[in-house]
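Me: I would like to learn how to read helix packing and cores in a model. Please take one feature at a time.

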Amino acid sequence: MLFSAGLAGCGGGSNEKNAGGKTETAGNQQVTIKVSNWPKPNEEAKIAQYEQVMAKMIANYPEIIVDKDEWGYDVSSFLPKAASGQLPTVYETFFTETSKIIKANYAADITDTMKKYGYDKAINPDLLKMVTKDDKYYGIPKDGYVIGMLYNMNLFKEAGLLDDKGIPKFPKTYEELAETAQIIKQKTGKAGMFLPTKSGQGGWMFMNIAWAYGAEFEKQVDGKWQAVFNSPEAAAALQYVKDLKWKYDVLPDNNLVDVTNDMFRLFGTDQVAMSFGTNDWSPVIQQQTKMSKDNVAMSALPVGPIGKPVTLLGGGLYMFSPNVTPEQIDAGFKWLKTYGFTPESSEEALTGWDIEKKTLSDQGLIVGPYGLRIWTDEKRIGEEQKILDKYNNVNLDLFRDYMDNGSKGMRAEEPVNAQELYQKLDIVLQTVLTDKNADPQQILDRAAEEFQRDYLDKVK
């Protein structure tokens, strides 16, 4: 996997690296880029995919050296890496972090290259505006997602909750969700519902419930940001979560849980029946637990007291290190094209995407269901769909509700210190799930006051 070693001598003669990652060779100039989120040794499917993509990269762009970097973005490690100039050439992050990164000058202006390769005209404008400041582009939205509901088919079948076509009886309201979870607990003895409570993931998922109850979290008043998540609506949503534990008894026994270490394991081994989730979680669960691809279904989120759909719109993006050269930016875009992330719809441009889906299918991982579309070009969407159809290996009726309705009522994540807000809300959730006598309103009053003092009052 250390592809740069095989490329270093392909020009012959001696090499000498100069500023900007360029290497002078006897016959040409080589450009070195480092790419983040490289697959780890236990990610077999992704390793196989990257090996095929790199073979194409070497064939098409022998002058580009691609170094791997397994580092992936997290709030605690980013700042030290950025401040010391150690960011990879191309790195991934979340929409919630974009404005903070741009403001700190830790992302390169990639406007010219975005326009050169047509990304500015091809990406969903709702996503593109998240990486734009003063009419300049500082990132490339790579995916968008909306939160839906994941269902464990084995537990729904055991509880008698499949319809005559074998589709789960999806709860349409949060009340029905609690009732369904209770039936599953009574019939199977397993947790009916999973809700994370740490690593910022609890607040991330709780936001969907609170919005459905009519709550708001941040509001700008006279130019200043105010924490407003101690409203009666937010308290009612928190009471709902508390009831899942103390009234319905449908959550796992452990109150300190996250998605990757706990939900994936519990869901994949038939220990929990329902969870908030996104379209791309299922293959990861399969890899970790060897769960059958036929043991998953998805729907849009239930509706809350406000009576209309609401779901969190999130996603990730590519950014470029601020000290890159124009040549490295161009090389980074060529990497993305080879990987399959390109607005082009030619057979060559779609090869990377085809490789990804074929690799998943060859390993028995779910292929077919789709989430939020990143591209606006109908031809590109159509060609992607042909590839999905070619490798589809599940009953799409199990995912139809999510694909058709999951994007209704999309709401972007909060604009100021969203990740820190999620962590604050984690503590709120932990409190009501560990203390039967906890008062939701008092807890939220205290949390909003602390978030205001520690974060929003410091926003300039």
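Me: Which residues in H10 meet which residues in H18?

Reply: The model is predicted: local features need pLDDT of at least 70, side-chain atom pairs count only at pLDDT 80 or more, and totals for chains, interfaces and linings use all residues. Residues are numbered from 1 along each chain as its sequence is written, and side-chain values use heavy atoms, with hydrogens and water left out. Helices are DSSP runs (H or I, at least four residues), numbered from the N terminus. Contact means heavy atoms within 4.5 Å. Gln201, Gly202, Gly203, Trp204, Phe206 and Met207 in H10 meet Leu421, Tyr422, Leu425, Asp426 and Leu429 in H18. These residues divide into 7 nonpolar, 3 polar and 1 charged, where Ala, Val, Leu, Ile, Met, Phe, Trp, Tyr, Cys and Pro count as nonpolar, Asp, Glu, Lys and Arg as charged, and the others, Gly among them, as polar.

Me: At what angle do H10 and H18 pack?

Reply: Two packed helices are described by the angle between their axes and the distance between the axes. H10 and H18 (residues 418–434) pack at about 85°, with axes 6 Å apart. That makes H10 roughly perpendicular to H18 (65 to 115 degrees).

Me: Which residues touch the most other members of the largest nonpolar core?

Reply: A nonpolar core is a set of buried (under 20% relative accessible area, 1.4 Å probe, protein chains only) Ala, Val, Leu, Ile, Met, Phe, Trp, Tyr and Cys residues joined through side-chain atoms within 4.5 Å. Of the 87 residues in the largest one, they are Phe206, Phe229 and Phe276. H10 gives the most to this core, with 8 residues. Phe206 touches residues including Leu425 and Leu429.

Key. Axes are lines fitted to C-alpha atoms, for helices over the stretch in contact, and angles run from 0 to 180 degrees between N-to-C directions. Helices (H or I, at least four residues) and strands (E, at least two) are DSSP runs, numbered from the N terminus. Angles under 35 degrees count as roughly parallel, over 145 as roughly antiparallel, 65 to 115 as roughly perpendicular and the rest as oblique. Buried means under 20% relative accessible area, exposed over 50%, partly exposed in between (1.4 Å probe, protein chains only). Lists of a residue's contacts leave out its neighbours within four places in sequence.
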